[in-house]
Amino acid sequence: MGENLSPDHHHLLNQGKEDELDIFGYKTKGCRRALCIAGYVLSCGVLLLLFYWRPEWDVWANCVPCDLEDADVVLLRTTDEFQKYTRKKVIHLDLQSVLDSEKLDHLLFGADQNSILSRAIMKPGMTVRYIHVQKIRYVWDLTEKQFLRIGSLEDSNTCYEIHHKFGDGLTSKEKALRRLVCGPNAIEIEVRPIWKLLFKEILNPFYIFQTFTLTLWLIQGYIEYSSAIIILSVISIALTVYDLRQQSIKLHNLVKEHNKVEVMAWTKNKGSCKVESCQLVPGDVLLLESQKFSLPCDAILIEGSCVVNEGMLTGESVPVTKTPLPQTDNTKPWKVHSVEDYRRHVLFCGTEVIQTKRAGKGPVRAVVLQTGFNTAKGDLVRSILYPKPLNFRLYREAFRFIVSLALIGILGLIYTIGVYVSRKQSASATVTMALLLLTTAVPPAIPAALTTGIVYAQRRLKKKKIFCISPQRINICGQINLVCFDKTGTLTEDGLDLWGAVPCEKRSFQAVHIFSSDCPLPWGPICRAMATCHSLLVLDGKIQGDPLDIKMFEGTNWRMEESKGSAQVSCTIVKPDANASQVPLEGIAILHQFPFSSSLLRMSVITQEIGKDIYDLYMKGAPETVASFCKTNTVPKNFHQELKCFTSQGFRVIALAHKELHLNRGVNLDNLERDKLESDLTFLGLLVMENRLKIETLAVLEELSLARIRSVMVTGDNLQTAITVAKNCGMFSIDSRVILVEAREPEGSNRASVTWQLMEEGPNTNETPTPDISIDISNASGKDSNFHFALNGYTYHVLVKHFGSLLPKILLNATVFARMSPAQKSSLVEEFQKLDYYVGMCGDGANDCGALKMAHAGISLSEQEASVASPFTSQIPNIECVPELIREGRAALVSSFSVIKYLTLYGMNQFIGTALLYWQLQIFGNMQYLLQDVAITLVVCLTMSLTHAYPKLAPYRPPGRLLSPSLLLSIILNVLFTLIVQVFAFLYVKQQPWYSVVRSHRGCPTADHPVSPGNGTASNATAPEHFVLSYEDTTLWALVTVNCIIAAFVFSKGKPFRKPIYTNYIFSGLLCVQLGVALFFFFADLDPIYKGLELLCTPTIWRVYVLLMLLVAFAVSFFVEDGILQNHRLWLLIKELFHFHSSSQYRKLQRQLEKDAKWPPIHQKDFAEEPRSEAYINPAYDEAGEKN
C-alpha cells in the first residue's frame, strides 16, 4: 500500500544477512487515527483485534507513506517466503543532558569521528532517532539515509586505529554518550508475566472463533458439552502458558548472571576503577585480572594473552588461547588483516577467562567490541527468542483446511436460512440455527488434539534421552530424507589414539615408531615438536586442552609446569619425565603461541631451551598445509604417497615442522608477524593417529540406508581420511566409484575451473569388508549411477562462488565434504534445503551450532550450553538417536493427519445429520451431542496419538502434505459414504409402515403399525412439534455416533509408521467400551435411557437395518482406506501408469541428469562461464579445531 511512493520510503535493514528485513516509513495522521478509534468502538473491539492479528492493516489505516527520514512509525517485513509484518515506533532520544556543556566536535570527533554514532546525531537539536527490533537498536544515519545497527565498533577500523583510538580508554563524557545511544550492556530477558502470555494465547484467531462458538452453544442451552470444551480449552491454555512461562524463566536464569559481573575498566585521564558490566560501552578498555570470570561483552585483546573456555559457543570445553591484535599500520580493516582468523584476537561474551598472561609490566587489556544482544552470547539468545520460522506445509495447509471447513459451514448457514425462512420461522430462530450449523463444521478440538499428539511424542523421546526445545519440529522429522553427520565424535570415537610417528631425515621417511610398543619415543626433532607444539596448560595441577594435544604430549612421557620466574610474564615449561628417553637438556620453555584455527589448518609455537638464547619455531597441522611452508628440499618426494597410504586406512595424520629463529634478546614476541616467521621450515615428519568408528555407527547407517534416507559426511578432517571412514561405515558400497571434485579460483586471465578425477583404489590392509548398505541416491533407471562425489571446503567455496548452476548437480551425489568450516556447514545445509531435501544434522556440538540451527532437525550430541541452539539434544552420545527421532517424527506426523481426518469426518458427520434434521425443523438433543462430543470424540482425540512408533523404518516417508491426493481422497470419500448412508436412512425411515410423527415418548411401534392411538397418537396430533423427538433423529443419532467410532478405528492405521492399534491398550479398550455402550443404548429398550437421550423406541428389525448400514459403511470405509488409499504399491503403480513425477527440485534434477550421457564427468576439466559474485554464507561461530 503505497510502498513504491518514493525510493526513500523503503530500504533493507541488515542487507545480505540472515535477519534481513524490508523497512517502510509511515507518518501518523490525526484524522485517520480518530476514524480508527471510532471504528474500534463501533465494532466492539473487532477492528482492534483484526489490527492485532495484521499489524500492516493497522499502519495502513492510521498512517500515510512517507520517507524513512520523516517517519514516526516503520513497518518491517521479513524477506523470506512468509512475508511477516511487524510495526515499530520511531523513538527520539534527547542528548542535551550529556552534550549541553561540551563542544560536539571535541566530544565525538576526537576519538571516533567516522562512527555511526557521530553520523546519527541531529544538530542543532542534539537528538537521535532509533528503532528497537528483536532486542537490537538501530539508529538513523543522517549521511547514509538509513537505519543502521548500533552497539558495536565499526568493522572499518584498522588494527592501528583500534590500538590508538581506543587503547587509552574513553573519557567519562564519551562513555555517557555511548551508553545513552547504544543502551546498557545487558542481555535482559524478562520473565514474561502470566497475564501477557495468557492474553497472547487467548487472542489466537482459533480461540476467538471457539469463544464465539461456545457462547452461542451456551445461549442455546448446550451447557454440558460447552462446559467440557471450556474445561479442555482452559487446561490446554494453562499448559501452554505454563510451558511458555517455564521457558521464559529458564532463559532468564541463563543470562541473569551475565548482567551482574563486576569488571575493571579504564577511563581516560582518570585511571582504572571497578564498574558494573552493564555500564560498559563499545570502545571501553577492560583490564583483565588473573582470576576466573565470565566475559560480559565481546572484546578485542590488545595487550597480553589469555586462555578462555569457549564451551558456551562451541559445545566443547577445551581451553583456547587468545593472542593480542597486532599494531600493524596499514589501511586494511582489522578483520580483513587477520583474514578468517580474526577470532583468535576476540574474547567472546559468555566465555570464561581461566588464565591471563601479561606481555609486559601492564595488565592484560581488551577493547570492548560489542555489547548487549550484539555479542556472541546475545546472538545465541536471540536465536532462541526469535527462531527461524518453520517452512513446513502441514502447518500452512492446516490453516487452509480449516478455512475450507469454514466455507462448508457458510454453505450450511445459507442452507439453514433458506429452510427456516421458507418455513416462516422467526428471525432469531433462523439466525441461531444458521450459526449453530456454521460452528458444527469446524471442530473446536483441532488445536488441542494436535498439541496432544506432539506432547506424547515429546514424552516418548524424553524416555529415550532425546530432549526437544522446539516440539513443532517433531512432525518435520517425519519427512527427513537426508542426514548430514559430523565425523569425529559423531560417527567415530571422540578421542584419538596415538598409533605411530614417521620421522623424516635427508628428505626421506624413516622407520615408523609404533606407540603401542613398550619402547619410549626416541629423542629427536619429532619428540621436541610433540613436547612443545600444543596449546596445553596446567590448571589446578592438571593438564588441560585439546584431546589431540593431550594424546600427543602424553606420547612423549614429558611433564609440564608453569614458569615460576617472572611475576609479569609467565610461560609454560616442559621437562622430560622419568619414563622419557634420555635427553641432553633440562627443559624447554614455550614462550609464544600462534593458535590453531580451522581456516589456517595449522598452529605454531616459539620455544627456548632453558639456559640458552636460541629460539625455535615448531609447527603442526594438516600435512598438505605444513608441507607448503617447508623448504622443498626437506619434504620427501614420496610425501603424497606416504600420506595416502595412511589416510586410505582411515588414520588421522598431522605433520610437524621446525625452524631455528634468529631473534634479538628481549624481543617482544607479540609484535612479531606470523607470516614472516612461518616460512622456510624444515619438514620433520608425520604423526599418525587412530580414530575408530563408534560401535553403533555401522548399524544406524545401514538402517537409514534401507529406509532410503541419504547419509552425508560433513567434516573438518582430511579428505582422504573422510573417504576411508565413509567406506568403512558403509556410506560407499565396495564397488562404488568415488569422483574427487577439485575447484580452483580464477588466476590472472584464467577462469575458475573444476576438475573431475576418478579416485584410484590404493592398498588398504586394515580395512575389513563392510556390507553394501549405500543406496541409489540418483534413482536412475538403466544408467549406471553407483558413484559418489567427494570434495573439500575450498572446492565447495569456489563452487558456490563461480559454479552456481553446477553445484546442485554435484550435491545430488556428493557424500563426503571434508575440511569444511562451520559457516560452510551451515551453507551446505541451506543448499540441500533449496533442493527440497528435508535435512537432519547430527553433530557433537563443536563448531556445528550454525548447521544445527539451520537444519530442519538439528540433533546435538553435546550437553554443553551450545546445545540450547539445537532443536534436539541426545544425552546418549551416538547416532542411534537419529533413526529414533525419525521414527517418532513419522509416527507423530501420521497421528497428526489421523486426528485431522477424524475430526473432519466427525464434524461432517454431525454437519450432515444436523442439516437433514433442519429440513424438518429439528436438531440433535443436548445429551445426544454430549455423548458424541465428549464420551467419544474427546476421548478419541486424547488417546489416538498414544500409539508408539513402528520399530522398523519403512523405505518411504508418510505424506507430508495435508492436501495430498491420498489424504484428500480419504476425507472426501468418507464424507460421501457418510452422506449417502445418512440420506438413505433419513428417507428410508419415512417409508416404513410403522413410521409416524411422534412428539412424545409413547412406547415402541410394531414392525407393521405405528404407535396405537391408545398410546397417545391422538394427543400427538394436537401436541406442539418437538425439536428433538423423531424417528429420523433416533436413526441419524445411531449412525453418527457409531460412525465416529468406526472412523476412529479406520484412521488409526498401524504399520508401517506406527505399531498396530491393539498395542495402544487405552485407545483400543476405550473404543470397544464406546461401541458397546452406543449399541447398548440403541438396543436396550430401557425408557430411562431413551428419555435421557431423547430417543424414540423403534422396531427391532429397524435397529438391525441400521446395524447393517453401519457394517456396510465400516466395510467400505475400511477397504477404501486400508486397501486402496493406504496401499503404497498401488499408488506407485498409479503414478507410473499416469507418468506422475515428484515436483521436488532434487527429483527434477535427477530426471534431467538421467538423460545426460556425459554425466558424471570423469578425468576432465571445466571452466566457469562468467564471473559470479560471491554468495552470502550465513554467519556462524567459525572458531574450529580439527575436531569435526
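**Overall make-up**

I began with the secondary structure of this predicted model: the protein chain has 39 helices and 42 strands. Of its 1188 residues, 55% are buried. I also looked at contacts with a separation of 6 or more, and 73% of them join residues 24 or more positions apart. The chain exposes about 51000 Å², with carbon and sulfur atoms supplying 57% of that area.

**A nonpolar patch**

Next I went over the surface and found a nonpolar patch made of Phe984, Tyr988, Ile1101, Val1104, Tyr1105, Leu1108 and Leu1111, together about 600 Å² of accessible area. Helix 32 (965–990) and helix 37 (1100–1125) each give two or more residues to the patch. Helix 37 has the largest share, five residues. I checked Leu1111, which sits in helix 37 and is partly exposed at 48% relative accessible area.

**Charged pairs**

My search of the whole structure turned up 29 salt bridges.

In one, Arg365 pairs with Glu303, with the closest N and O atoms 2.9 Å apart. This pair links strand 19 to strand 14 across 62 residues. Glu303 is partly exposed, at 22%.

Then I turned to Arg460 and Glu888, at 3.0 Å from N to O. They tie helix 17 to helix 30, 428 residues apart. Buried or exposed, I wondered about Arg460? Arg460 is buried at 7% relative accessibility, and Glu888 is buried at 1%.

Lys620 counts as buried at 7%, as does Asp549 at 4%.

Note on methods: Residues numbered from 1 in each chain as written. Predicted model: local features only at pLDDT ≥ 70, side-chain atom pairs only at ≥ 80, totals over all residues. Heavy atoms only, no water. Helix = DSSP H or I, 4+ residues; strand = E, 2+ residues; numbered from the N terminus. Buried < 20%, exposed > 50% of the residue type's maximum accessible area, 1.4 Å probe, protein only. Contact = heavy atoms within 4.5 Å. Areas by Shrake-Rupley, 256 points an atom, 1.4 Å probe, with all protein chains shown as cover. Patch = residues over 30% accessible without salt bridge, like charges linked within 9 Å, V, L, I, M, F, W, Y side chains within 5 Å. Salt bridge = Lys/Arg side-chain N within 4 Å of Asp/Glu carboxyl O.
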